Amino acid sequence: LDSRVATFAQALVQHGVEAGERVAVLVPPSIDLIALVYACWRIGAVTVIADRGLGLNGLGSAVKSSRVQHVVGIRSAVIAARTLRWAPRASLIDLKSLQKSMQLEGLKQLGRPEPKDDAMAAILFTSGATGPAKGVRYTHRQLGAQRDILQRVYNITDADSFVAAFAPFALFGPALGITTGLADMDVTSPATLTAKALDDACRATQATMVFASPAALVNVLKTASSNANSLHQVRLVMSAGAPVPIETLRHMQKLCPQAEMHTPYGMTEVLPVADLSLQQREDVGEGLGVCVGRAVDGCNVKVVAIDGGISELPIGETGEIVVSARWMSLGYNRLWLTQQNARFESDGFIWHRTGDVGHIDGDGNLWIEGRVVHMIHTADGSMTPVPIEVACEKISGVKRAAAVGIGDKGVQQLVMVLETDQAKEDPAPDQLAAQVREALAGLDVVAIWETKKLPVDIRHNSKIDRTALAQKMQKVL
């Protein structure tokens, strides 16, 4: 890896890439992707990492908004960038030209100074689940702090090895000093991860750790057989990107009997924020929303009023979750108003407004109740969607539920959309509708709809796109 990073770094310099310049990296998940990112970092260039999970339009918007000086990618990506004019003034560099460069033995041969801690290192993109994907800026210091906290929270040592079923997380492997493998799957569709592909990757790397999105884990369980012996040596399974059903974790525990199941909570702007193991989740039990555990060491979390408040609300009261940590990003790229609305200073810290709604219980556990933009504002007051959905998901036959509001803010009507196996796009049968109304006693549900598949974000295939769903139901009803 050292040799490949050094070779790519030297080739990038020969192609005119300077320290501080932005480089769009359009390479599928692979060893070359990891080596290219580290090569950019080594020469002080800023990597713009927009993965294919954003879709073609999202990928193009990400590259355009970053105003990159260089585009490095596989042939088809470079042609797309040129044809679709993603970066008309940028130099276009084919990955093959880097691969054909003269091989260097290691980074010590590079006659370039290492970047400073506060130099920009990367622009990463949000999943776009609640609007267009936003570029988030990170310095070398912040990425280093992020690596350190991951190492500490999950007790990672050089005896560990790691299989990632989500490409961005694979980038942390070399920084953590551990063997890293990528599962054989379509990264644009996490649900394509099979138990065999995961088992093969774990066997090849002798993996002790696995990271996969909830949708990926669901398909692993669906395709599992009794032959997945390599999963028995895994000590840690992490899943994030959306709420992970407790049944999914329980079944994964049987597949990986030696492993602890963990669900880190965070976002592109700050990760990790909190962490929860399956055992802790079993101990906490049920509550209002989804429990994501306690804040990790070094991360400050509080709940403030949703209308832009900065003062901490009392324990148990619902509001917007705000966080502050050393590994928090610099902020957004070229989104001035978004940046102004998302950050504020209080108590000597700079805080980030997560856009998530929830509360902290008496034991310090953080509970997520939904997104600010997905709250339902009725004539009787405002409500958060997740507690309503959790209540409906206990009904037999309901795989997932989504609560959305239709109509004007302040007089919205509550609509429930249920994902079931038998469903067509139709109003729910009388019996199912009656069960929903019973589960939501006290709430006025104007319509209950059944669907085969709820719309989800592209990257994780897990986060329900309630905005799109609300627009659809507004039209249908």
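Four strands make up an open sheet, in the order E23-E24-E26-E25, and the pairing is mixed. Strands here are DSSP runs of E with at least two residues, helices are runs of H or I with at least four, and both are numbered from the N terminus. Two strands pair if DSSP finds at least two bridges between them. Strand E23 (400-406) and strand E25 (426-427) stand at the edges with a single partner strand each, so one side of each has no neighbour in the sheet. E25 is joined to strand E26 (residues 445-451) by two bridges, and the two run antiparallel. Pro-427 has Trp-449 as its bridge partner in E26.

Before I go on: this is a predicted model, where local features need pLDDT of at least 70 and side-chain atom pairs count only at pLDDT 80 or more, while totals for chains, interfaces and linings use all residues. Residues are numbered from 1 along each chain as its sequence is written, and side-chain values use heavy atoms, with hydrogens and water left out.

Next, strand E15 (residues 299-304). Five of its six residues are buried, meaning under 20% relative accessible area with a 1.4 Å probe and protein chains only. Six bridges join E15 to strand E16 (residues 319-325), and these strands run antiparallel. Val-303 is partnered with Ile-321 of E16.

Now helix H11 (residues 246-255). Which of its residues are buried? They are Thr-248, Leu-249, Met-252 and Leu-255. Down the axis of H11 these fall within an arc of 110°, so they line one face of the helix; the arc is taken over directions from the helix axis to the C-beta atoms. They pack against helix H10 (214-222), strand E10 (236-238), strand E11 (260-262) and helix H12 (278-284).

Phe-169 sits in helix H7 (residues 167-170) and counts as buried at 14% relative accessibility. Neighbours within four places in sequence aside, Phe-169 is in contact (heavy atoms within 4.5 Å) with Phe-162, Ala-164, Phe-211 and Leu-271.

How values were computed
Buried < 20%, exposed > 50% of the residue type's maximum accessible area, 1.4 Å probe, protein only.
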